[in-house]
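Student: I've got the model open on my screen. Can we go through it together, and will you tell me what stands behind each label?

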Amino acid sequence: MGIEATPAASTARPVLAEQSIGLSLYTGQQSAGGRRYGDLVPLVQAAEAAGFDAFWVSEHHDFDGAYLPSPLVALGAAAAATRTIVLGTGVALAPLVHPVRLAEDAAVLDHLSGGRLVLGLGAGYVPREFAMAGVPLKDRGARTEEAVAILRRAW
């Protein structure tokens, strides 16, 4: 379950229609030669050129393969390489990051992208990710609710 909160950076914010079609990068990318994430920029550029409305990335940590631990950094690269496609996290793991840092990073990305960020937040569910961050899994709901409140105040 994700919570959607978007910083108000631009009055010219793109709006997704009731019916929109997006492309998602939910497992990260690992191209030939083991170069992680190298396909992200060409993929988002191709999605925009093909007329997709949105491009989404997810967040996971310490998974086998090429999962994406830094969705806002990845979307920053996508923002620099595109002009119109909406960029979204589906989802960013709110309990695993300090909410002020998340608010600031999301606001900067939203400004740099011309208001194209949709920040989808989730509580997470993978015990190993919480252990890596030193966050008790049982606190995920309360930490997510607190993060949403802080994000709204920060923006």
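Tutor: A polar atom in the side chain of Thr-89 sits 2.8 Å from the backbone nitrogen of Gly-120. Before we go on: this is a predicted model, where local features need pLDDT of at least 70, side-chain atom pairs count only at pLDDT 80 or more, and totals for chains, interfaces and linings use all residues. Residues are numbered from 1 along each chain as its sequence is written, and side-chain values use heavy atoms, with hydrogens and water left out.

Student: Why is Thr-89 called buried?

Tutor: Buried means under 20% relative accessible area, exposed over 50%, and partly exposed in between (1.4 Å probe, protein chains only). Thr-89 has 0%, so it counts as buried. Thr-89 belongs to strand S4; helices (H or I, at least four residues) and strands (E, at least two) are DSSP runs, numbered from the N terminus. Its contacts, meaning heavy atoms within 4.5 Å, include Trp-56, Pro-71, Leu-75 and Leu-119, leaving aside neighbours within four places in sequence.

Student: How do you know that His-61 is buried?

Tutor: Its relative accessibility is 19%, and the limit is 20%, so His-61 counts as buried. His-61 is in the loop between strand S3 (54-57) and helix H2 (71-81). Its side chain makes a polar contact of 2.7 Å with that of Glu-59. Beyond four places in sequence, His-61 touches Pro-69, Leu-93, Leu-96, Glu-129 and Met-132.

Student: Ser-58 lies in that loop between S3 and H2 too. Is Ser-58 buried or exposed?

Tutor: Buried, because its relative accessibility is 6%. The C-alpha atoms of Ser-58 and Gly-120 are 9.2 Å apart, although 62 residues separate them along the chain.

Student: What makes a set of residues a nonpolar core?

Tutor: The members are buried Ala, Val, Leu, Ile, Met, Phe, Trp, Tyr and Cys residues joined through side-chain atoms within 4.5 Å. The largest one here has 26 residues, and Phe-55, Leu-75, Leu-87, Leu-119 and Leu-121 have the most contacts inside it. H2 gives the most to this core, with five residues. As for Phe-55, its contacts beyond four places in sequence include Leu-23, Leu-40, Ile-85 and Gly-88.

Student: Why are H2 and H3 called roughly parallel?

Tutor: Angles under 35 degrees count as roughly parallel, over 145 as roughly antiparallel, 65 to 115 as roughly perpendicular and the rest as oblique. H2 and H3 pack at about 10 degrees, with axes 10 Å apart, and are therefore roughly parallel. Axes are lines fitted to C-alpha atoms, for helices over the stretch in contact, and angles run from 0 to 180 degrees between N-to-C directions. On the H2 side the contact is made by Leu-72, Leu-75, Gly-76 and Ala-79, and on the H3 side by Leu-102, Asp-105, Ala-106 and Leu-109.

Student: And how many helices and strands does the chain have?

Tutor: Five helices and five strands, running β-β-α-β-α-β-α-β-α-α from the N terminus.

Definitions and conventions. A polar contact is a pair of N or O atoms within 3.5 Å; within protein, one must be able to donate a hydrogen and the other to accept it, and residues adjacent in sequence count only if both atoms are side-chain atoms.
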